[in-house]
Amino acid sequence: MPSDTAGSWTPVALSADLPPATVIPAWTPAGSIALWRSQSGRASASSDRCPHRGMRLSHGFVRGEALSCIYHGWSYSPAGGCVRIPAHPDLVPPDTIRVAVQRVEESDGIVWVAAGEPAMPPPRLDHLVPIRSLTLDADITAIEAAAGEKADAGGLIQVADCPWVRLLPAAQIACTLIHVLVERGRGVADRVTASRIAEALRRRAETRQKDVS
Ligand code: FES
């Protein structure tokens, strides 16, 4: 994960896996988040805990430009402020009712979420095309061993016997999310091959992880 003294960026999802008006759970070193995209296409990251009674906001729903809690329907803006309490439709919610939010940047088909206030933007990956994400029951060391290469300074792992495939890992609690990318210009057949390579690599990494546990 690219980081500096002020914070870090986590590649939490592929842009294609977050269509408009959806919310999904995700994780950064700052904690669990509800990652959501408004109807107009803006991606936001809210703490995954409703300030009302603690329901997970990633179980909620998106309507228009707000994220709503599934429990009592309190709704939150991308900036975190409560904008609607259905049980009190005439009430303007006070500013004190808000959910914590984290910065989101989207580039080259990846959604990045900040923990802290990183001084630099997330790295550009415009020479690569993301094709899918997988969750592995393995740490980054086991994934590097299975790939036959160490992560570079930007966090990308090249697959040694297929060097046009890269893995972009994001450590989670007790597992690792990886995004599979191929060099720009590769055709459909190569993308299918890269997906199969990633599946095989997952099995190798998870076996290796079990062997060292
Ligand atoms: S717990 Fe979220 S609105 Fe009540």
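Reader: Where does alanine 21 lie?
Author: Alanine 21 lies in the loop between β2 (7-14) and β3. Strands are DSSP runs of E, at least two residues long, and helices are runs of H or I, at least four; both are numbered from the N terminus. This is a predicted model: local features need pLDDT of at least 70, side-chain atom pairs count only at pLDDT 80 or more, and totals for chains, interfaces and linings use all residues. Residues are numbered from 1 along each chain as its sequence is written, and side-chain values use heavy atoms, with hydrogens and water left out.

Reader: What is the phi of alanine 21?
Author: Near 65°, a positive value in a residue other than glycine. Most residues other than glycine have a negative phi.

Reader: Which other residue has a positive phi although it is not a glycine?
Author: Aspartate 108, at about 55°. Aspartate 108 is in the loop between β11 (104-107) and β12 (110-116).

Reader: Is aspartate 108 buried or exposed?
Author: Aspartate 108 is buried, at 17% relative accessible area. Buried means under 20%, exposed over 50%, and partly exposed in between, with a 1.4 Å probe and protein chains only. Alanine 21, at 27%, is partly exposed.

Reader: New topic. Where does threonine 28 lie?
Author: In strand β3 (residues 22-28). Threonine 28 is buried, with a relative accessible area of 0%.

Reader: What does the side chain of threonine 28 make a polar contact with?
Author: The side chain of glutamine 102, at 3.1 Å. A polar contact is a pair of N or O atoms within 3.5 Å; within protein, one must be able to donate a hydrogen and the other to accept it, and residues adjacent in sequence count only if both atoms are side-chain atoms.

Reader: Now the sheet. What is the order of the four strands?
Author: The open sheet runs β6-β7-β8-β9, with antiparallel pairing. β6 (61-63) and β9 (82-84) are the edge strands, and each pairs on one side only. Two strands pair if DSSP finds at least two bridges between them. β6 and β7 (residues 66-68) have three.

Reader: Which residue stands opposite phenylalanine 61?
Author: Serine 68, in β7.
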